[in-house]
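Work through the model below by question and answer. Each reply ends on the value or name asked for.

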Amino acid sequence: MPIARSVTIARVFLRYRLNELVPAESQPLWLRVLWAPAKLLPSGKAKRMGRGERLRRALEDLGPIFVKFGQLLSTRPDLLPPDMVEELNHLQDNVPPYPADQCIARIETALGASVDELFAEFEREPLASASVAQVHAARLKGENGEAGQSVVVKVLRPGIGRIIGQDLQLLRHIARWIERFLPDGKRMRPVEVVEDYRHTIEGELDLVREAANGSELKRNFASSPLLYIPEVYWDYTRENVLVLERIDGIPVTDLDQLRAQGTNMALLAERGVEIFFKQVFEHNFFHADMHPGNIFVSRENPERPKYIAIDTAIVGSLTREDQYYLARNLLAMFRRDYRMVAELHVQSGWVRRDTPINAFEAAIRAVCEPIFEKPLGEISFARVLISLFQTARRFDMEVQPQLVLLQKTLLNIEGLGRQLYPQLDLWKTAHPFLERWMRERIHPKTIFGEIRRYGPEWLEKFPQLPQLAFSALEQGRDLAPQLHRLGIELAHSKRRGRTRYARMIAGVMLAAGAGLVASPGLLTQIPAASWALGAAALALLLWP
């Protein structure tokens with residue numbers, strides 16, 4: 001662990017008294033003794049701050065990588081209490097821009113030409129500057145060299161990969177320390193949280209991957225009235241430079257402007273939910289970073305509003321099995337069929353096969369019944385899912401990274417939808433969608449599609465089937481003598497073990513007899529307790 005950075009972290013930790021975030025009664029004695037000298041230091045403003053604010057300010061002081069980590073934590077209400085989650089939601093990933101000359105040099109090195117040759121116009125003042133990259137506006141050259149398509153040029157910060165690598169190493173150390181030494185550390189799974197963050201942040205360091213994600217999302221919504229994804233200009237895209245179509249939309253959080261243009265807010269909120277379920281269940285490829293800063297609304301046709309999404313670095317997908325079990329789980333949950341929910345968790349492999357179904361069902365019922373006492377329109381879909389996974393973790397459900405991403409996306413979509421239209425009833429939109437998806441899954445048309453998709457592969461392998469069957473029989477025939485030989489060797493090994501054991505007992509008895517023959521009077525001097533202990537030792541030696 002770099003010493004200077006460790007000292008900085010320790011200083012920030014003490015400044016905000018982060019040790020007090022864990023109740024003293026939950027800390028082991030040695031840890032309380034370790035923190036004791038900190039009480040002698042002046043507490044400054046920390047004492048007047050709530051625990052969430054202290055954590056937020058500490059992350060801000062530690063720099064942009066920790067700020068992004070805090071943003072990730074704000075999507076994990078299953079790990080942190082609500083007041084901390086609320087405070088971490090205020091973290092902003094805005095940092096001062098780095099010099100335009102450096103940015104231009106990186107673009108020219110990556111694309112092998114000067115900015116003047118590449119673009120008709122290039123704005124030196126950045127449009128936005130974040131911890132990982134900054135964005136400049138530009139215009140491509142038209143056919144005759146005139147200013148053409150408006151674009152944005154996203155460029156990674158110099159040395160950001162190395163900085164992230166170092167800070168990730170520090171976060172891993174801290175996570176291991178929390179897991180090992182804090183009483184509640186294992187339940188919080190800090191190492192897994194850091195690994196989740198690593199996947200997220202590494203995805204943002206490869207702009208070609210982000211561009212490819214954007215292209216696929218654009219293809220999936222090519223003729224859809226729901227969502228628009230900006231065009232990627234592949235000729236101008238490299239690992240550290242990405243050029244995209246510049247969009248002209250209203251930030252989804254600008255409610256005044258949305259209302260001023262007469263946007264149908266109810267439809268806008270419902271379309272957000274529809275986009276989520278389409279991506280998860282129909283496309284099986286979802287934008288997993290749909291926080292409000294990445295979402296805009298088109299200015300065209302406000303009565304039938306269309307979303308625009310940017311920043312496609314983080315995406316998620318589910319296995320076909322996870323899709324199926326998730327849909328059935330949600331349907332069973334809202335039908336209050338808790339037995340089915342428990343059984344589905346076992347069938348899907350999310351919890352162990354030997355999980356006691358009755359106990360699991362009772363735990364789910366205890367968590368969900370208070371939630372479902374509310375009207376459906378007031379129930380948070382994401383909270384239901386989080387409560388379900390929290391309950392399942394008490395029964396050793398392992399963290400499923402793809403479900404964590406899904407949960408985070410659903411939280412964003414639902415929060416956004418309720419902000420746009422507080423009366424939004426997610427279940428009203430989701431229920432028919434899930435029912436239809438389940439029906440279509442077993443529809444002959446779907447089965448025929450699967451046959452068409454995998455048919456050529458099956459036909460390709462079909463002529464090999466006789467040979468494969470013959471090989472399997474041959475292997476079985478060869479395996480029988482090997483198993484027989486292994487059985488014989490095992491029997492011999494057991495016999496040799498028994499013989500060695502008998503020799504050992506005989507050796508011990510002979511050694512004891514030799515001692516008694518050498519000292520005939522010894523027998524009369526041995527106390528009764530020694531006889532009892534000796535008999536017990538002999539019984540243990542002879543125990544089969």
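**Burial, pairing and packing**

L73 is buried, with a relative accessible area of 14%. The model is a predicted one.

Q: Is L73 buried or exposed, and at what relative accessible area?
A: L73 is found in helix α4, residues 64–73. Buried means under 20% relative accessible area. L73 is therefore buried, at 14%.

Q: What C-alpha distance separates L73 and V194?
A: L73 touches L80, L88 and V193, not counting residues up to four places away in sequence. L73 and V194 lie 121 residues apart along the chain. Their C-alpha atoms are separated by 9.7 Å.

Q: For the residues of the UniProt "binding site", what is the largest C-alpha distance?
A: An unreviewed UniProt entry lists L127, A128, S129, A130, S131, V132, A133, Q134, V135 and K154 under that name. They are spread over 28 residues of sequence, yet they cluster in space. The largest C-alpha distance is 14.3 Å.

Q: What is the relative accessible area of S131?
A: S131 sits in the loop between β2 and β3 (133–141). A hairpin joins these two strands through 3 residues. S131 is buried, with a relative accessible area of 2%.

Q: Which residue in β3 is the bridge partner of A128?
A: β2 and β3 pair in the antiparallel sense over 2 bridges. In β3, the bridge partner of A128 is V135.

Q: Which residue in β3 stands opposite F119?
A: β1 and β3 run antiparallel, joined by 3 bridges. In β3, the residue opposite F119 is L140.

Q: Which residue in the turn between β3 and β4 has a positive phi?
A: β3 pairs with β4 (residues 147–156) in the antiparallel sense over 8 bridges. In β4, the bridge partner of A133 is L156. The two strands form a hairpin with 5 residues between them. The turn residue with a positive phi, of about 90°, is G145.

Q: How many aromatic pairs does a search of the whole structure find, and what is the geometry of F119 and F122?
A: The search finds 7 aromatic pairs. F119 and F122 form one that is 5.9 Å centre to centre, with 35° between the planes. F119 and F122 are both buried. Planes under 30 degrees apart count as stacked and over 60 as edge-to-face, so this pair is tilted.

Q: At about what angle does helix α13 run to β10?
A: An open sheet of 4 strands has the order β5-β10-β9-β7, with mixed pairing. Its edge strands are β5 (227–228) and β7 (249–251). β5 and β10 run parallel, joined by 2 bridges. Helix α13 (residues 265–283) lies across β5, β9 and β10, and its angle to β10 is about 45°.

Conventions: Residues numbered from 1 in each chain as written. Predicted model: local features only at pLDDT ≥ 70, side-chain atom pairs only at ≥ 80, totals over all residues. Heavy atoms only, no water. Phe/Tyr/Trp six-rings, centres within 6.5 Å; stacked < 30°, edge-to-face > 60°. Buried < 20%, exposed > 50% of the residue type's maximum accessible area, 1.4 Å probe, protein only. Pairing = 2+ DSSP bridges. Contact = heavy atoms within 4.5 Å. Axes fitted to C-alpha atoms, helices over the stretch in contact; angles between N-to-C directions. UniProt positions renumbered as here; feature names shortened; annotations may be inferred.
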